[in-house]
Amino acid sequence: QVQLVESGGGLVQAGGSLRLSCAASGRTFSRSTVAWWRQARGKEREFVAAITWSGNTYYADSVKGRFTISRDNAKNTVYLQMSILKPEDTAVYCCAATWGGSYYSFGLLATERTYDYWGQGTQVTISS
């Protein structure tokens with residue numbers, strides 16, 4: 001059974017940085033597409049970033065240039081490096097993964113039903 005576990009959340013001041021980790025167990029990440037999503041209180045979950053099995057990366061406009069998604073297949077972990085954090089980045093961040101295909105358009109990557117497995121999430125709070 002696949003499990004995804006996020007870590008690295010916390011409280012930081014605006015302008016600061018955090019690195020989130022998403023560790024997988026039960027299946028190797030190497031052939032998966034993995035994404036980070038976030039949900040702020042009272043809002044719908046929104047796509048943040050994705051990385052395909054081939055290493056292509058995609059970002060929401062709101063985080064482009066500030067966040068970087070990467071993967072370490074040897075550690076079965078995907079990371080989200082977040083910089084220049086803003087109060088509006090405050091949310092629960094979760095990772096999601098799929099092993100279902102070899103090519104995804106941006107539209108599919110930014111669609112929740114593309115992903116088969118989800119983690120529980122980690123809270124990120126940015127103070128102003």
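1. Asparagine 76 is found in the loop between β7 and β8, where strands are DSSP runs of E with at least two residues, helices being runs of H or I with at least four residues, numbered from the N terminus. Its phi is positive, about 55 degrees, although the residue is not a glycine. Asparagine 76 counts as buried at 14% relative accessibility; buried means under 20% relative accessible area, exposed over 50%, and partly exposed in between (1.4 Å probe, protein chains only).

2. Isoleucine 84 lies in the loop between β8 and β9, and its phi, near 50 degrees, is likewise positive in a residue other than glycine. Most residues other than glycine have a negative phi.

3. On provenance, this is a predicted model, in which local features need pLDDT of at least 70 and side-chain atom pairs count only at pLDDT 80 or more, while totals for chains, interfaces and linings use all residues. Residues are numbered from 1 along each chain as its sequence is written, and side-chain values use heavy atoms, with hydrogens and water left out.

4. Strand β3 (residues 18-25) pairs in the antiparallel sense with β1 (residues 3-7) over five bridges; pairing requires that DSSP find at least two bridges between two strands. In this pairing, cysteine 22 of β3 stands opposite glutamate 6. β3 also pairs with β8 (residues 77-82), again antiparallel, over six bridges, and there threonine 77 is the bridge partner of alanine 23.

5. Is isoleucine 51 buried or exposed? Isoleucine 51, placed in strand β5, is buried, with a relative accessible area of 3%. Isoleucine 51 and serine 70 are 19 residues apart in sequence, and their C-alpha atoms are 6.9 Å apart in space. Serine 70 is also among the residues that isoleucine 51 touches, as are Val34, Ile69 and Val78.

Technical notes:
Contact means heavy atoms within 4.5 Å. Lists of a residue's contacts leave out its neighbours within four places in sequence.
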